[in-house]
Structure formats: structure tokens, C-alpha cells
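Okay, everyone, thanks for coming.

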Amino acid sequence: MQKSLENYRQSYGKGELLEENIPSFPLALFTSWFNEAEAHPDIAEVNAMSLATCGIEGFPKTRIVLLKSFGEKGFSFYTNYNSEKARDIEENPRVCLSFFWPALERQVIIKGIAMKTSEEESSSYFASRPRGSQLGAWASKQSDVLTSRKQLELELKEVEERYKDKEVERPQHWGGYVVSPRSFEFWQGRNDRLHDRILYEFLEENTWERNRLSP
């Protein structure tokens, strides 16, 4: 039986996005929006983002990952280099990042090119992680099939024993990616579904074209 959701309704009207009030560079606007989301009491994980990839099978796939840094160099996250997402990026480095902050009625969509971060950056971030997460990076063969939860727990026990009383080194199959943006789309919810959508597209160094899109 098909479940109808046609009566679900949400009105938007908490903000506006007008050209005369926004900067010429998209990173400045993203930083301003991120800071507002970070300060909002109803947003738990402001750095949670949807990462969309498209690999050898031709099917796109999205999953939630955590943004770990952003700035002029790009947008960074970390993962297992043997995972499905990493295999997709190896096949096709064009990815899409999406942030949705319902409490502010805002969404940001970033298209860009993903590349591995340096060994030094990956090792530095790995060293900052809690020990349990470090051990988990060794125990989990991310995206591989498991026979049971017990198998994963046994893998973890083996890793715990291996690194007992020792510093956990970063696995070579684990590290970061940095996404270099090619476009930013900023969405601000408005009344009657007449939302504000502003698209920035990269032209060349320090040059972005800005356009308003119809909702």
C-alpha cells in the first residue's frame, strides 16, 4: 500500500537572500551561514553534510559524512581509502556536497573535484582522533561484507591487543579528501515556495559568476 504524504506542509519565512546583501565570493557567504548555523541551539551537527559520488556502476550514491575543515584550499573530510565512496572518487572525482540546516531554512549545494589530502594532513588529523576511533579505523574494512557483528568485534579485539600500551599509527588505507569547489548554490526558504536560490559558478582564479535561479 502506498503511503500518501501530500498533506505534509512546512511554511518558510525565516530569512531572505538578496543580491544587494551578499558578497561577491561564495566562500564568504558560506562562512557566514556556517557560523550562524554553528551558533544555533537547534542544530546539533552543523558540519554534517551529504556527500554524493558516482562510480563505475553509474549509479549516484549519497551518504552523510562530517566536514572537518573548510577554507581557500577547499572542503575536507576523512575516510577509509578502500571504502565504496573512495572507490567511486577514484573512478570519478566529481562530487557534490550538500548541507541542510532546517532550523534556519537553508541549504547549500557544492559541486567540486575531490583529491586526497597530503600524508602529513591525514596523519595530523588521525592523531587528533579519540583512541577508540583510531582503533576502529584499523578494525573496520569499510564497505566489505561482514558475516556478523561478532566478526567486527573480534577484529577490534585483535587491534586492541596489537596496540596495547602503544600509540596507534595511521593506516595507509585511511586519510582525507579535499573538495575544490566549482559551484555553490545557496537556498533560502521563502513563503509560497518562492524560495531564493543564488548560484555561484567558478570561472577562473578569484572570479565567480553569480546568478539567481528560479525556485
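This is a predicted model: local features need pLDDT of at least 70, side-chain atom pairs count only at pLDDT 80 or more; totals for chains, interfaces and linings use all residues.

Let's start with Tyr12 and Trp187. Those two form an edge-to-face pair, with 5.6 Å from centre to centre and 85° between the planes. What I like here is where the partners come from. Tyr12 is in the segment before α1 (26-39), while Trp187 belongs to strand β7, residues 174-188. That puts them 175 residues apart, and the pair links distant parts of the chain. And are they buried or exposed? Both Tyr12 and Trp187 are buried.

Next, Phe184 and Phe186. This pair is stacked: the centres are 6.0 Å apart, and the planes are at 5° to each other. Why does Phe184 count as buried? Because its relative accessibility is 2%, and buried means under 20%. Phe186 counts as buried too, because its relative accessibility is 0%.

Now for the cluster. Phe184 and Phe186 turn up again in it, and ring pairs link them with Phe30, Trp33, Phe34, Phe70, Phe75, Phe99, Trp101, Tyr200, Phe202 and Trp208.

Look at Tyr81, where the charged end of Lys116 sits over the ring, 4.2 Å from the centre. Then find Trp138: Arg162 lies over its face, and the distance to the ring centre is 5.3 Å.

That's my tour, thanks.

Methods
Residues are numbered from 1 along each chain as its sequence is written. Side-chain values use heavy atoms; hydrogens and water are left out. Rings of Phe, Tyr and Trp (its six-membered ring) pair if their centres lie within 6.5 Å; planes under 30 degrees apart count as stacked, over 60 as edge-to-face and the rest as tilted. Helices (H or I, at least four residues) and strands (E, at least two) are DSSP runs, numbered from the N terminus. Buried means under 20% relative accessible area, exposed over 50%, partly exposed in between (1.4 Å probe, protein chains only). A charge sits over a ring if NZ of Lys or CZ of Arg is within 6 Å of the ring centre and within 35 degrees of the ring normal.
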